[in-house]
Amino acid sequence: MTHSFDQIVERRNTDSMKWDKLKQLFGSAEVLPMWVADMDFLSPPAVVKAITERAKHGVYGYTIMSDSFYEAIIGWMERRHQWQVNKEWLCYCPGIVTALSILVEVLTKPGESVMIQPPVYTPFFQVISRNGRSVKEVPLILEEGQYRMDFELLEEAMKTSKVMILCSPHNPVGRVWSRDELVKLGELSSKYQVIIISDEIHADLVFNGEKHLPFGMLSEEIAQQSITCIAPSKTFNIAGLKTASIIIPNPKIRRLFENRIQTLSLHLESCFGVDAVKAAYNEGEVWVDELMNYMQGNLQYLAKFLQEHLPMVKLIQSQGTYLAWLDFRDLQMEADELQTFLTQKAKVGLSAGTIYGSQGAGFMRMNLGCPRSVVEEGLRRIHKAITELQK
């Protein structure tokens, strides 16, 4: 059965971060929220059914992760990404950001540097600095409307770093890294013995013609010095269930991570999370394919609208995620001025580019994980505001 992604689901007054913090974050409840990365779509019917059945049971006690839980994850990775993941490699964590923080803590010492590639997902900065480590920025290079890695700078940085956090696919710029790029990164990490922590939460969300390659499957050598972080949260819109899988083939690193998870008592999955993971990975495949077809339509609509009505706003070519990276620099506004303009004049809440690093000044991130009518309304508001500005 084809899922109706055009359906408007009312999320106000559900304690939704996206919809119920508008006044606090943007100063007005009239702002159209197109910021934080969760979708306004119902989760797959199989997931809703599994959670509903669990809720009907009426007892929500401590829950184990049985073989069927791990088999669901392993099966998904094999079917969707052609990677045979061993059960012993899988570690549970409530979320990928939590895992990143723990990994930074156990793999580095205070004061040591951790590499990232801005503009990049905001928590990367936070999990490094809040652990008392130093952020080593290796900025991406923007050329002809697309970002690429700076391998010369990467190699130089690896000479004095032990760990790098990779965003793959990349949030917010939408790159799905090619095999050649990942192999080159892997070769450098092997040469300098740098551990790569690969955040692959958007791995399933790639557009037609693109292929995500898990970093840990490049080679046995790379697998032993990398950690791959996955979760069904973005793919199936279940971020609120707090369930992620951290794939760690290296037993020494795995012991360090699992010991810290146990110490912090973060090792117990919720009963709803267990059932949601199994339902999503076992029965959600067709739904994901339909989702990405719809999302590609949203992206194409956005590109056409900007080209025809707002040529001063440039869309960075996106290969994956449901997040669009928009270049507003032709408006010649300072970052704070641009944010204020879009929030107060256009009444649209986007994510400010500067939260992803100084390289994001003049850019904004737009969430396309919503019905087409919401995308249309957001663009109408932005067009109206910019048209009035230019009068």
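Okay, Arg 175 is buried, at 5% relative accessible area, where buried means under 20%, exposed over 50% and partly exposed in between, with a 1.4 Å probe and protein chains only. Keep in mind this is a predicted model, where local features need pLDDT of at least 70, side-chain atom pairs count only at pLDDT 80 or more, and totals for chains, interfaces and linings use all residues. Numbering starts from 1 along each chain as its sequence is written, and side-chain values use heavy atoms, with hydrogens and water left out.

So where does Arg 175 sit? In the loop between β7 (163-167) and α8 (179-192); helices (H or I, at least four residues) and strands (E, at least two) are DSSP runs, numbered from the N terminus. Its side chain reaches the backbone oxygen of Tyr 147 at 2.8 Å. Arg 175 also touches, among others, His 170 and Glu 181, leaving out residues up to four places away in sequence; contact is heavy atoms within 4.5 Å.

Now, the helices. α13 and helix α15 (residues 372-389) pack at about 20 degrees, axes 10 Å apart. Axes are lines fitted to C-alpha atoms, for helices over the stretch in contact, and angles run from 0 to 180 degrees between N-to-C directions. That makes α13 roughly parallel to α15, given that angles under 35 degrees count as roughly parallel, over 145 as roughly antiparallel, 65 to 115 as roughly perpendicular and the rest as oblique. Who meets whom there? On the α13 side we have Tyr 294, Leu 302 and Phe 305, among others, and the α15 side includes Val 375, Leu 379 and His 383.

Definitions and conventions
Polar contact = N/O pair within 3.5 Å; in protein donor to acceptor, adjacent residues only side chain to side chain.
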